[in-house]
Amino acid sequence: MLTYFNALTDPNMVFLRYALFAGLLAAPAFGIIGTYVVARRMTYLAGAIAHCVLGGIGAALYCQDRYELVWLTPMLGAIVAAIGAALLIGLISLRSRERVDSVIGAIWVLGMATGIIFIAKTPGYIDPMSYLFGNILMITGRDLLTIAVLDVIVIGLGLLSYNRMIAVCFDEEFARLRGIRTELYSLLLLCLTALTIVLMVRVVGIVMVIALFTLPAATASHFSTRIWQMMLFATLLGMISVAGGLSLSYGLDLPSGPTIVMLAGFFYLTVIIGKGLKNRLR
Amino acid sequence: MPSPVSLQIPAVQCEQVSFSYGEIPILTDVSFSIQKLDAVALVGPNGGGKSTLLKLILGLLTPQTGTIKVLGVTPQQARRKIGYMPQHLQYDPSFPVSVMDVVLMGRAGSIGLGRYSAEDRRIAMQAMAELAVDGLASRPFNSLSGGQRQRILIARALACEPEILLLDEPTANVDPGVELQFFEILKELANRVTVLTVSHDLGFVSQMVSRVFCVNRQVKIHPTSELTGEIIHEMYGGDVRMVRHDHCCSEQGHSHADIL
């Protein structure tokens, strides 16, 4: 444990510090938006958005190399793809007569396939694994700045829309009858979800980022009687998972993304098993 | 002295309204008018179109033919003046909200992106007090009994400060013991706002409304004073046993503890 703290201040281990900052910065966004996502039962939509991010990353890497667009970073590609997927999924689930889950499933895999094809066609070796499962070595100071900016946007909008978002999540029909443009709020929530996903893609990767949405919020829901409590507890659990997971992964020489997710999953399982035992003993 | 213009606009006016889900006709050629401060009950068999009629009045559904005016304008324009209590809340029991949170949702249309004002809270508390549930304000919504929840949802509808109150089966989860009290509350409300109640329980509603609308593909209107066994038979069609039971009860005009 002591070596972990030493490593955090070691100038040669700056990536570890970046990863910790990124995780701690992202935790409130995950706590707030994750609570809405869990309460609204749209984890599946969040999963689809996350996987589409690979399409954006792949396209950005390809264009960067092929057309020498230096400004087109994978992070920017991820943001564009995530927002695009969120709007597409939102409009389809609001408007389409097609079976919504089939369409979402299609977007999910097509986004991912696009990314893999672009990455394969980009000269030089790019390991898709680091995008799929995260790689803290890739976090740059600039990424950290982007994360901070997105974080402020997501937390600000998430908290500003708090009362109306709860009304829409709790009883959409009633909210609509009160003159709230519920479709707009659904799209806003999907876009905030998309930006939140981008925050942590670097650290835990697109496959596991959903875990940081659902696990802390679902764990927190067992201790909360109000939405804001759930957000607060989910934020704290997210911070503990990131800090603890990074420390464990450093100490035990494990990949950091999976370790963070395992820790979040451990908290969740402990709580539901503990609760089950308590009910049985009663 | 002539009455003010606003009183002359009917609360709800339906003209030759027809609605069908795909090929299945639900309502055919329905016309009626409800004056302000009228109290009306919609009764009829399941699938007869009661809930569909409510949704048309709310503007959640659009009729294929005919027009509906609410307070002289389209249902969408009038929405904010309608307080609605749904029969079923598609509600996630693990959703962590307090009773106060739920009632405040009646005010959610007027807050923009911001917070609820002290005035919003006062109106919500007053709505709860009116239904004698103000003591529950800080309780988690999911810890309440079915009957308590029903009242909270009516309080939420009242917190909209409506001119028209639409209640879909307000007595569905209420135990017979508190039904009478409930009935008094609704009767009190009917003095202030136009009340439309959907109910399967004719014995209950016939005491608090002036007219009963029998909804079964068509709408037939009966003043409550004229309700006879024959009319009730017509309303419910073949469901004679239930009609007799109800009929018995309303003739005696007493408590409804023995209704199924």
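For sorting lining residues by class, Ala, Val, Leu, Ile, Met, Phe, Trp, Tyr, Cys and Pro count as nonpolar, Asp, Glu, Lys and Arg as charged, and the others, Gly among them, as polar. By that sorting, the lining of the largest pocket has 19 nonpolar, 13 polar and 13 charged residues. The model is a predicted one, with local features needing pLDDT of at least 70, side-chain atom pairs counted only at pLDDT 80 or more, and totals for chains, interfaces and linings taken over all residues. Residues are numbered from 1 along each chain as its sequence is written, chains are lettered from A and ligands numbered from 1 in the order in which they are written, and side-chain values use heavy atoms, leaving out hydrogens and water.

As for confidence, pLDDT is the predictor's own score for each residue, from 0 to 100. Chain A averages 89 on it, and 99% of the residues score at least 70. Helices here are DSSP runs (H or I, at least four residues), as are strands (E, at least two), and both are numbered from the N terminus. Among the elements of chain A, α11(A) has the highest mean pLDDT, at 93, while helix α1 (residues 2-9) has the lowest, at 75. Where pLDDT is low, the predicted coordinates should not be read in detail.

Now for the open spaces. The search runs on a 1 Å grid over the protein atoms alone: a pocket is an open set of points with protein on both sides within 12 Å along at least five of seven lines, whereas a cavity is a set where a 1.4 Å probe fits but cannot get out, and lining residues have an atom within 4 Å of a point. Points are joined across faces, edges and corners, and a volume is the space filled by probe spheres set on them. The largest pocket holds about 1,200 Å³ of space. It is lined by 45 residues, and the closest to its centre come from both chains: A:Glu173, B:Lys55, B:His88, B:Leu89 and B:Gln90. At least two lining residues each come from α2 (14-40), α4 (74-95), α8 (162-170), α9 (172-177) and α10 (182-221) of chain A, and from α2 (50-58) of chain B.

The second largest pocket holds about 260 Å³. Of its 16 lining residues, A:Asn135, A:Ile136, A:Leu254, A:Pro255 and A:Ser256 lie closest to the centre. In chain A, α2, α11 (227-252) and α12 (256-281) each give at least two residues to this lining, and α12(A) gives the most, with three. Sorted by class, the lining has ten nonpolar, five polar and one charged residues.

The largest cavity, of about 60 Å³, is lined by A:Ile57, A:Pro74, A:Met75, A:Ala78, A:Tyr131, A:Val198, A:Val201 and A:Arg202. Two or more of these come from each of α4 and α10 of chain A. Seven of the lining residues are nonpolar, none polar and one charged.

The second largest cavity has a volume of about 50 Å³. Its lining includes A:Gly23, A:Ala27, A:Phe30 and A:Gly31, along with A:Met200, A:Leu212, A:Pro216, A:Ala234, A:Gly238 and A:Val242. Helices α2, α10 and α11 of chain A each put in two or more residues, and the largest share, four residues, comes from α2(A). Here the lining has seven nonpolar, three polar and no charged residues.

That leaves the way the helices pack. Axes are lines fitted to C-alpha atoms, for helices over the stretch in contact, and angles run from 0 to 180 degrees between N-to-C directions. Helices α2(A) and α10(A) pack at about 125°, with their axes 8 Å apart. The contact between α2(A) and α10(A) has 19 nonpolar, seven polar and one charged residues.

With helix α7 (residues 141-160) of chain A, α2(A) crosses at roughly 20°, the axes coming within 10 Å. The pair α2(A) and α7(A) is therefore roughly parallel, and this crossing is left-handed. Finally, α10(A) and α11(A) pack at about 135° with axes 9 Å apart, and are therefore oblique to each other. The crossing of α10(A) and α11(A) is right-handed.

Methods
Parallel < 35°, antiparallel > 145°, perpendicular 65-115°, else oblique. Left-handed = near helix turned anticlockwise from the far one by under 90°.
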